[in-house]
Amino acid sequence: MTTSIGIDIPTITEKLESAMNGVDSLQMLDEFRRDWLGKKGRLKEMFKELQSVPVEQKASVAKGLNELRGKAEGFIEVENKRYQNQSLAIEILQHVREHP
C-alpha cells in the first residue's frame, strides 16, 4: 500500500529487512538503531508524515509503521543479547586460558 505522500509499507519493510541483514557487529547495530529508530530516524520521520496521510488510509499506515517499529525494536533486543552473550563467552574463554 502506497499513500499519496509516498509511504509504501512493503517497500519500507524490504529496506528495513535489508538493513537488518547487513548488521554484523555491535557498532552496526547501534547505527541501525539510530538510522531507523533515532530522534531523526527513518521511522520517526514517517510517523511525522502520517499527519499528511488521507484519513481513510491513516489507520492502516499507522498500523504498518507500528509493526515496522516493533520489528526493528525486537531485532535490536535480540541482537543486543546475542552480542552480549558473545562477549561473555569470549571473557570466559580468556579466563579459562589464563587460569587452566
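Mentor: The score to keep in mind is pLDDT, which is the predictor's confidence in each residue, on a scale from 0 to 100. It applies here because this is a predicted model.

Trainee: In which helix is confidence lowest, and in which is it highest?

Mentor: The protein as a whole averages a pLDDT of 87, and 84% of the residues score at least 70. Within the protein, the lowest mean, 85, belongs to H4, while the highest, 96, belongs to H1.

Trainee: Which element gives the most residues to the largest nonpolar core?

Mentor: That core has 21 residues, and those touching the most other members are Ile7, Leu16, Phe32, Leu65, Leu68 and Phe75. Two or more residues come from each of helix H1 (9–21), helix H2 (26–37), helix H3 (42–49) and helix H4 (55–98). The element that gives the most, with 8 residues, is H4.

Trainee: Which residues does leucine 16 contact, leaving aside its neighbours within four places in sequence?

Mentor: Leucine 16 is one of the core members that touch the most others. With those sequence neighbours left aside, its contacts are Phe32, Trp36, Leu68, Lys71 and Ala72.

Trainee: How are H2 and H3 oriented to each other, roughly parallel or roughly antiparallel?

Mentor: Their contact is made by Asp35, Trp36 and Leu37 of H2 together with Arg42, Leu43 and Lys44 of H3, and by class it has 3 nonpolar, no polar and 3 charged residues. The two axes come within 4 Å and cross at roughly 10°. Angles under 35 degrees count as roughly parallel, so H2 and H3 are roughly parallel.

How values were computed:
Residues numbered from 1 in each chain as written. Predicted model: local features only at pLDDT ≥ 70, side-chain atom pairs only at ≥ 80, totals over all residues. Heavy atoms only, no water. Core = buried A, V, L, I, M, F, W, Y, C linked by side-chain atoms within 4.5 Å. Buried < 20%, exposed > 50% of the residue type's maximum accessible area, 1.4 Å probe, protein only. Contact = heavy atoms within 4.5 Å. Axes fitted to C-alpha atoms, helices over the stretch in contact; angles between N-to-C directions. Parallel < 35°, antiparallel > 145°, perpendicular 65-115°, else oblique. Nonpolar A, V, L, I, M, F, W, Y, C, P; charged D, E, K, R; others polar.
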